[in-house]
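I opened this entry to keep a record of what I looked up, chain by chain. The structure goes here first.

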Amino acid sequence: MSKRKKRQALLQSVPFMLPSFTGMLVFSLLPILISVLISLTDWNGLDKLNPETLSQHFVGLQNYAKILTTSEFWQVLGHTLYYIVLYIPLVFVASLGIAVILNKNMRGITVFRVMYYIPVLTSWVAASLIWKWVLSPQYGIFNQFLSYIGIRGPSWLTSEIWAMPAIVLASVWKDMGFFGLFLLSGLKMIDMSYYEAARVDGAGKTKQFFSITLPLLTPSIFFCLIMSLINAFQLFPQVMIMTEGGPNGATQVMVERIYTYGFKYFKMGYASAYSWLLFIIIFVLTILQMKGQKGWVHYES
Amino acid sequence: MKKTGKWEMAAMGAALAAALTAGCMTAAAEEEVTIKYANFNASGGQEETLEAMYEAFHEEYPNITVEIETIGFDDYFTQMQTRVAGGTAPDCYELNIENFAAYANKGVLAELTGIDPAGYNETALSAFNVGGTQYGVPGNFSNVVLIYNKDLFDAAGVDYPADDWTWDDVLAAGEKIRALDENTYGIYQPITFNEFFKVAVQFGGSILNEDKSAFTINSAENTAAAEMMISKVTDSNIQPNDEQMSGMGDWDLFQSGRLGMIPTGIWAFATFTEGCDFAWDICVEPGQTQKATHFFSNALVVNADTEQKEAAECWINWLASSEKAAQMRIDAGWDLPAISNDEVLASYLEITPPDNRQAVFDSLDYLTVAPIIEDYALMSDIITGKLSEAASGKLTVQEALDAAQSECEEQIKLG
């Protein structure tokens, strides 16, 4: 194609892209840019938002400095890390388990696929309310089961120690179908001839899993890892409904703080700065993961 | 505590004397105007009542058209905040007490000049007066009374609570009821800021000094108040702790017949009438060195930027204090109107249980206004946080209040 033709094609595509591009520009990109400006002010979220208000309320990097020097920020970050440490291994084991089960060729497997995916489609609000019931120490079904095996279940959501694990439990239940489906598609892509060859060479099931399945699944695992880490940092609705950050602030996490500062305490500038710090954390971690993938992710070529 | 009044009421026949038609002082009221009104309180059941109120209003003021927008409580405040900042807020709207002060102090509300203060309950009206400027009128009203389980008092052989009871009487009765059974408790009162600021007043203390220029959270009176609130959980255990509650609601506990006393809002009446299979009654909340009772009210406010201030004032004033609107509010079992006209309120008294419904009105003599400041929500969260740390035994009561005092001083600028 000549240069002229290329340009013509581009020009022709513009009208088709314009509607969604305008939407993205006005409703995503512009607010993102404005939030940078807001994060440099002490705007209260009620005064009219215009350049004049923003310049009157300009405070420079003060919000960022303040957040980083409060103990609250580090505590909240600690809670998030605690969540991640519990959540990621559990959700991976669970979704890998699902993927392996769903990869079997048996009758009615689609029904199971749908069943595991239903929690993913459920709204977090409904799911959280159900989990509140399930985890109720007196009437909840979860502690009931524990009592059958002789364990006296804790009062999950009102205990500082158990509130976060409770939220992890609900999150794993909800997300395992989503990641399970990705891992399943990864499993499906593995060429069956590898297994045949391995069997001929005398490799057992375990050996096959660790030497064929796992290495060839690493691209899918990598994707799920990035997604789940981003998700974990954005933890919010389940906390808001199940514990509201309590007990005694034990489940306060970053997005919950952003919401509270912005919409409850009327500190929109502070909240914006908080959300930019969250962005930086996620961005840096994602870059590190991208760089680190060379060591362990095997792409079939 | 989100409140939606739900009293079942059948009464219609109240004496409709002294027709104080909440008149607007609009002289130039001939021109046709349309205003917008947003609210959350009608959502979930009272939309039609509000619509009927508007129709009655429109008959009286045919030149004023009101476009009513009813938004659910959960979305209301995020939406309103965005609209105020974006300059697209309605001409008049409803605010709860937590948000009212923030809006008033940030200059987004108009001073109300065209309302008739005489028609309102004085204390409720004063709640929405900031530094001498009236920014809102009380659109509705409800208060807190001490509700008690008569059967448990009989079983324990204790006299029923009376209006002159102090906390000492409550604790003594609570202990006898607690002794009845392992799973029966004397009283339940949430350990939160909302309860604490009132109990502090009952003990002669306060959260702020007189002119609201400094915090007085860790005063000796407040410490005594907080000690009482917390020790009834941790020491005498006449009030269940979180683990004993194990996620159960306090109303549910009362309805299960295992709770002697509960200071709670009068909007519990309908639920308790239906859900309790034992006898119960009410009295004025206990005091200590003085009486203080809790009330809730939502403010109706006018947008500072509106071009239809007169019409907006006319509508909210009518809605909040006209006899017609008040009567409709009571008849529909919505909530109480915050008005001074006792005769309209009389029909409310005829419904039982509770037999002693008069206590609802007797409580009005001791109303205490919440310490409303710009950063109300932040202050409330700090103090609740520290109180629950004390309740869980992490801090002593004194340490908790000291910490709350210094954190509030650090994070909140007053006046």
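My notes on the two chains and their contact follow.

**Ground rules.** I am working with a predicted model, in which local features need pLDDT of at least 70, side-chain atom pairs count only at pLDDT 80 or more, and totals for chains, interfaces and linings use all residues. Residues are numbered from 1 along each chain as its sequence is written, while chains are lettered from A and ligands numbered from 1 in the order in which they are written.

**Chain A, overall.** I looked up the secondary structure of chain A and found 13 helices and zero strands. Helices (H or I, at least four residues) and strands (E, at least two) are DSSP runs, numbered from the N terminus. I noted that the C-alpha atoms of chain A fill a box of roughly 75 × 75 × 35 Å along the principal axes.

**Chain A, domains.** Domain 1 of chain A covers 4-12 + 15-56, and domain 2 covers 69-295; such bounds come from an automatic or database domain assignment. The centres of these two domains of chain A, taken over C-alpha atoms, are 32 Å apart. In their contact I find ten residues from domain 1 of chain A and eight residues from domain 2 of chain A. Two residues are in contact if their C-beta atoms, placed from the backbone, lie within 7 Å. On the domain 1 side, I read four nonpolar, five polar and one charged. Ala, Val, Leu, Ile, Met, Phe, Trp, Tyr, Cys and Pro count as nonpolar, Asp, Glu, Lys and Arg as charged, and the others, Gly among them, as polar.

**Chain A, a helix pair.** I checked helix 4 (residues 71-102) of chain A against helix 10 (residues 205-233) of chain A: their axes come within 10 Å and cross at roughly 145 degrees. Axes are lines fitted to C-alpha atoms, for helices over the stretch in contact, and angles run from 0 to 180 degrees between N-to-C directions. Which residues meet here? In helix 4 of chain A they include A:T80, A:Y83 and A:V91, and in helix 10 of chain A they include A:S228 and A:F233. The residues of this contact between helix 4 and helix 10 of chain A divide into eight nonpolar, two polar and no charged.

**Chain B, domains.** Domain 1 of chain B spans 33-139 + 298-340, and domain 2 spans 143-294 + 370-411. I read 31 Å between the centres of these domains of chain B, taken over C-alpha atoms. Eight residues of domain 1 of chain B touch seven residues of domain 2 of chain B.

**Chain B, the sheet.** I traced an open sheet of five strands in the order 2-1-3-12-6 in chain B, with mixed pairing. Two strands pair if DSSP finds at least two bridges between them. Strand 2 and strand 6 (136-138) of chain B are the edge strands, each pairing on one side only. The twist averages 25 degrees from one strand to the next. Strand 1 (residues 33-39) and strand 2 (residues 64-70) of chain B run parallel over seven bridges, and B:V33 has B:I64 as its bridge partner. Strand 1 of chain B is also parallel to strand 3 (residues 92-95) of chain B, through two bridges, with B:A38 opposite B:Y93.
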